[in-house]
Amino acid sequence: MTDAPAAIEADQHGKLNALLHALRDGNRYYAPLLKSAGLLHEGVSIEAFRRAMPLTSKAQIVADQLAHPPFGSNLTYPLERYTRFHQTSGTTAAPMRWLDTPESWQWMLDNWKEVFRAAKVDASARIMFAFSFGPFLGFWTAFEAATQIGCLCLPGGGLSSMARLRMMLDTGATVLCCTPTYAMHLAHVAAEHHVDLTASAITTIIVAGEPGGSVPVMRKRMSDAWNGARVFDHHGMTEVGPVTIECPAQPGVLHVIERSYLAEVIDPQSLAPVGPGERGELVLTTLGRLGSPLLRYRTGDLVEMGPRRTCACGRAEMALVGGILARCDDMVLVRGVNVFPSAIDELVRAHTEVAEYRVEVDARGPMAQITITVEPAAGANGAALAARIARELRDALHLRAEVKVAAAGSLPRFEFKSKRWIRLQHE
């Protein structure tokens with residue numbers, strides 16, 4: 001995709017009006033909102049849409065689905081048109097259920113094809129999908145998009161980590177799709193079982209689900225563990241679909257697929273737009289998911305928008321420097337210090353001796369306390385490692401935290417989104 005900014009905006013304008021036209025008569029959730037916003041006429045400009053259309057939040061969608069069970073009122077067509085069901089994990093709220101028509105599903109597959117093209121994955125690839133095929137959207141869309149490209153797709157659902165490693169080695173898999181955490185976990189399992197990953201044919205690792213794919217120290221660890229494989233980041237959400245691709249020319253920068261999304265970056269408190277170089281919340285309108293759309297949806301992802309110009313890779317689409325930096329709702333206040341999990345993760349993961357870790361935030365007292373438990377890799381000095389991490393937390397983040405050492409293999413491993421943070425609060 002090498003369209004100039006003007007061409008991108010013209011394409012977005014046409015798709016936005018096609019979307020609004022479909023919603024005015026058929027969507028019980030958005031039709032009243034469009035009427036209240038004065039957006040019932042044809043030819044709505046992007047500027048007018050952003051000015052008049054209210055933001056949509058996850059809490060609003062959850063409330064709508066609870067009020068109109070089981071799928072909510074945000075459906076543009078009769079239920080018989082829908083063929084796909086997925087739902088979010090519901091770790092911070094009630095799970096959201098999402099339905100898709102064949103047309104909306106194909107729109108998401110086409111977005112994933114953009115991810116594969118940017119990563120230089122073609123029909124010759126043999127792709128290992130190392131995740132469980134549950135109700136989460138996960139890599140479902142990636143799997144089907146890869147089949148349409150003509151790749152050999154290897155489903156890893158229901159297999160142990162060791163069985164997945166054996167499958168990759170036996171089949172000559174060249175691409176691995178998983179979370180950053182699970183890529184590292186597979187490498188640790190290989191080391192424990194004396195499996196030589198230099199015999200692996202994996203040359204590309206496509207990650208999603210966690211910020212680690214755009215964190216330099218985590219990228220290097222993954223690449224080193226997998227014999228120099230190229231790490232390629234991407235992000236998406238069940239409710240919006242595949243949103244970004246990593247810039248082929250600038251690792252750690254994500255481009256929004258703007259032919260499919262109308263993107264904004266706003267201040268989470270004032271809701272005013274922020275400019276390049278400023279941190280803000282990513283807001284998305286799904287231009288092609290007509291069956292179950294979201295208009296000006298607050299993703300909760302904190303990002304930094306780069307300058308609007310044509311990139312070295314040839315793309316003129318919005319660039320997110322550093323990828324997804326944090327989540328708006330993840331920040332915790334510990335003894336007067338604002339702490340984001342991504343900052344802790346980058347600092348802890350910089351230590352190759354850390355096999356796994358867990359963070360406990362106890363907010364039951366007058367001041368929140370934080371405890372970090374690290375599980376050392378084989379042969380590492382746990383006490384020295386804990387002391388080093390505690391000192392770096394003080395120096396880099398001005399954070400005083402207790403750092404404990406866990407026994408080998410005692411902390412949980414995750415193949416989907418990791419859940420390392422435990423928050424204790426008054427009931």
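What volume does the largest cavity have?

Reply: Happy to walk through it with you. This is a predicted model, so local features need pLDDT of at least 70 and side-chain atom pairs count only at pLDDT 80 or more, while totals for chains, interfaces and linings use all residues. Residues are numbered from 1 along each chain as its sequence is written, and side-chain values use heavy atoms, with hydrogens and water left out.

The largest cavity has a volume of about 60 Å³. A cavity here is a set of points, on a 1 Å grid over the protein atoms alone, where a 1.4 Å probe fits but cannot get out; lining residues have an atom within 4 Å of a point. Grid points are joined across faces, edges and corners, and a volume is the space filled by probe spheres set on the points.

The lining of the largest cavity consists of Ile-61, Asp-64, Gln-65, Phe-71, Asn-74, Leu-75, Arg-97, Trp-98, Leu-99 and Ser-292. Helix H4 (58–67) and strand E2 (97–100) each give at least two residues to this lining; helices (H or I, at least four residues) and strands (E, at least two) are DSSP runs, numbered from the N terminus. Sorted by class, the lining has five nonpolar, three polar and two charged residues. In this scheme Ala, Val, Leu, Ile, Met, Phe, Trp, Tyr, Cys and Pro are nonpolar, Asp, Glu, Lys and Arg are charged, and the others, Gly among them, are polar.

Pro-69 and Pro-70 are joined by a cis peptide bond, with omega about 0°. Pro-70 sits in the loop between H4 and strand E1 (84–87).

In total, the structure holds two cavities of 30 Å³ or more. The second largest cavity contains about 40 Å³ of space, and its lining is made by Thr-181, Met-184, His-185, His-188, Arg-349, Ala-355, Glu-356, Arg-413 and Arg-420. Helix H8 (180–192) and strand E19 (354–362) are the elements that give two or more residues to that lining. H8 gives the most, with four residues. By class, the lining of the second largest cavity divides into two nonpolar, three polar and four charged residues.

H8 also leads us to a helix packing. Two packed helices are described by the angle between their axes and the distance between the axes. Helix H7 (residues 161–171) and H8 pack at an angle of about 85°, with their axes 10 Å apart; axes are lines fitted to C-alpha atoms, for helices over the stretch in contact, and angles run from 0 to 180 degrees between N-to-C directions. H7 and H8 are therefore roughly perpendicular to each other, a label for angles of 65 to 115 degrees, with those under 35 roughly parallel, those over 145 roughly antiparallel and the rest oblique. On the H7 side the contact (heavy atoms within 4.5 Å) is made by Ser-161, Met-162, Arg-164, Leu-165 and Met-168, and on the H8 side by Tyr-182, His-185, Leu-186, Val-189 and Ala-190. These contact residues divide into seven nonpolar, two polar and one charged. His-185 belongs to this contact and also to the lining of the second largest cavity.

The axes of helix H5 (residues 102–118) and helix H6 (residues 140–149) come within 8 Å and cross at roughly 75°. H5 and H6 are therefore roughly perpendicular to each other. Among the contact residues are Trp-105, Leu-109, Trp-112 and Phe-116 of H5 and Trp-140, Ala-145 and Ile-149 of H6. The contact of H5 with H6 has 10 nonpolar, three polar and two charged residues. In the loop between H5 and strand E3 (126–129) you will find Lys-120, whose phi is near 60°, a positive value in a residue other than glycine.

Definitions and conventions
1 Å grid on protein atoms, 1.4 Å probe; cavity = no way out; pocket = protein on both sides within 12 Å on 5 of 7 lines; lining within 4 Å.
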